[in-house]
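Thanks for coming, everyone. Let's walk through this one together, strand by strand and then chain by chain.

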Amino acid sequence: MNEDILQINSVKKSFVRNIIDVRGKEENERFFIIDDLDLQIPREKITALIGGNGAGKTTLFNIISGFMSPDSGDIIYQAENKQMSIIGLLPYKITRLGIGRMFQDDHIFHDMSVLDNMLLADADDFGEFPFISIIYNRKNKIIEQERIEKANSIFKELFGEDNPFWEKRDEPAKSLSYGQQRLLGLARLFMGNYDLVLLDEPTAGVNPQIINQILIIIRSMVEEKDVTVFLIEHNMKVVLDLADFCSFMSHGKITAFGTPDDVIGNDEVRRTYLGV
Amino acid sequence: MNYIFHIIIIINIYIILTVSTNLLVGMANLISLAQAAFYGFGAYLGVLALMILKLPMIPTIFFVMFFTALLSLIIAFPSLRLKGDYFILATLGFQLIVFTVLYNWISVTRGPYGIPGIPAPKLIGIIPVSGIIPFLVLSSILAGFVIFIFYKLVHSPFGRVLKGLRDDEIAVKSLGRNVTNYKILTFAISSAFIGIAGFIYASYVTYIDPTSFNLDEAIFILAAVLIGGTGNIKGPVVGAIFVVILPELLRFVGFPSSIAANLRQIVYGLALIILMRYRPQGIAGEYKLQ
């Protein structure tokens, strides 16, 4: 088994943008948001992706998880005993292969209960085909009970015996605080069987105490569940604290890759991104 | 007494229509203006099964459900790739096409002349179900059955996926669920049960013509769902009762029927506006339409 779980080979993605120049002449310009990008994500490690706004980080995540298709290039995914290109697969298929994702703006189900948020994230979708749960009423009840137990044990494991999530399990997720919603989004990932998890700015906009909790959760993902984590992060303290590897993205390319210390110490990164 | 039974039968038909439509509108967030088209499919397919194939009642119901669902896929496949308003427009187009075909394909549907003399459906092949009491029982059983099935569906893991869909489609995709499949299934299930309503209507009234299944009817069904409320089972049931009983009440108040008919439209319109402003989830619903 190769030690890289994901190999991104010369991926390109362009948008056409409409420019009106000073004389009022309209022109369509092809703009490469991702330009011939190569990157390997090491297995069972935490790799951070840093770079300025508009560098194409989220676009890269969208391409990996199938929400966008690249113009060219290939992404090879290597799980336990399969190796395949994931370009052109629909997002749900990529998830089924074991690539989970947490979005920048959480995307939890605000009007659904906290518990339903967890149950819908279960890797096993038994009963979700209409009538199956009516026909196999009994089996469905058992599986539902197992799902609930699973959610409960995940909450206990991540947030302790008396956690607010289990207490508020029947309340809509929007009743949770912003930081708690973020934690719920992370806890949801434990319901699936993921080998690789993409996290888009998991610590943005939450208080230091919750940042600490998030760091502990991400570490436990890697250490206890053998998950590979690939995360976008702007908080350099978090990157230094958490990541095994760090990649710097600029103008659609990875221009630096290495340990966080090396990359953050890199002259170009310091000048163009950190501004020091 | 027969008058009250008649009202209950009509309410039962509308309960089937609104509860089925609710699965689309209130659960999967797909607002469809083609519901009358499926209602019409149900009615015409029921006539086909009863008059030409001479099937007994239970097989007729399955026949109607199956083929209405099949026909719904014609619209489901192309239009479910569209989002929001574009989906509504696609279903509107489909509704208009279906009405035009029913109206003008005279050699098959007899067009505006309608189909009279629809025979009573035969229970177990011999006992004909005709007259008001048997229909009251039949329609109540079917409405109860539909309510039961949809209650189960809404509270099953399938219903949970649909709730997820109306809440956040991208999140559902990212959790490994095939969104398009769920939408197509929802569409087919909703249409299949609406077909049952068409079948009861056709065999109860014993006469059908395309004007019962035009765009006005489609909007009326949708209005009934929105007035009653979406997202649960209670809402559409209340909506069905409301829209059927209201014109009868207006009649009792003493308006001549020519005025009552117009007043009815005004009251429905007002009810919709007032509800959308002050109670967007409808009288008894739980989901606020966005």
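Start with one pair of residues. A48(A) has L231(A) as its bridge partner in β8(A). This is a predicted model, by the way.

Now look at β7, residues 196-200 of chain A. Five bridges join β7(A) to β8(A), and that pairing is parallel too. One contact point to find: V197(A) has V229(A) in β8(A) as its bridge partner.

Stay on β8(A) for a moment. How many of its residues are buried? Five of five, across residues 228-232, so the strand is mostly covered. In a regular strand, side chains alternate between the two faces of the sheet. Here T228(A), F230(A) and I232(A) point one way. V229(A) and L231(A) point the other way. Both sets are buried.

Next, a second sheet in chain A. What is its strand order? It reads β2-β1-β4-β5, an open sheet of four strands with antiparallel pairing. The edges are β2(A), residues 26-42, and β5(A), residues 82-85; each of them pairs on one side only. From one strand to the next, the twist averages 20°.

Zoom in on β1(A), residues 4-20. It is joined to β2(A) by 13 bridges, antiparallel. To find your place, take D4(A): it stands opposite P42(A) in β2(A).

α1(A), residues 57-64, lies across β1, β2 and β4 of chain A, with β4(A) covering 72-79. Its angle to β2(A) is about 70°.

Over to chain B. It has twelve helices and two strands. The C-alpha trace spans about 55 × 45 × 35 Å along its principal axes. The radius of gyration is 18 Å; a compact globule of 290 residues would be near 19 Å, so the two agree. Of those 290 residues, 49% count as buried. Take contacts with a separation of 6 or more: 77% of them join residues 24 or more positions apart.

How do the chains meet? 21 residues of chain B are in contact with 24 residues of chain A. On the chain B side, α6 (132-154), α7 (157-167), α8 (169-174) and α9 (179-205) each supply at least two residues. Which helix gives the most? That is α7(B), with seven. By type, the chain B side divides into nine nonpolar, five polar and seven charged residues.

Last, confidence. The model scores ipTM 0.85 and pTM 0.85. Chain B averages a pLDDT of 85, and 98% of its residues score at least 70. Where in chain B is confidence lowest? In strand β2(B), residues 127-128, at a mean of 72. It is highest in α9(B), at 90. Keep one rule in mind: where pLDDT is low, predicted coordinates should not be read in detail.

Definitions and conventions
Residues are numbered from 1 along each chain as its sequence is written. Chains are lettered from A and ligands numbered from 1 in the order in which they are written. This is a predicted model: local features need pLDDT of at least 70, side-chain atom pairs count only at pLDDT 80 or more; totals for chains, interfaces and linings use all residues. Two strands pair if DSSP finds at least two bridges between them. Axes are lines fitted to C-alpha atoms, for helices over the stretch in contact, and angles run from 0 to 180 degrees between N-to-C directions. Two residues are in contact if their C-beta atoms, placed from the backbone, lie within 7 Å. The radius of gyration is taken over C-alpha atoms; the globule rule is 2.2 Å times the number of residues to the power 0.38. A residue is buried if 20 or more other C-beta atoms lie within 10 Å of its own, exposed if 12 or fewer, and partly exposed in between; C-beta atoms are placed from the backbone. Ala, Val, Leu, Ile, Met, Phe, Trp, Tyr, Cys and Pro count as nonpolar, Asp, Glu, Lys and Arg as charged, and the others, Gly among them, as polar. pLDDT is the predictor's confidence in each residue, from 0 to 100.
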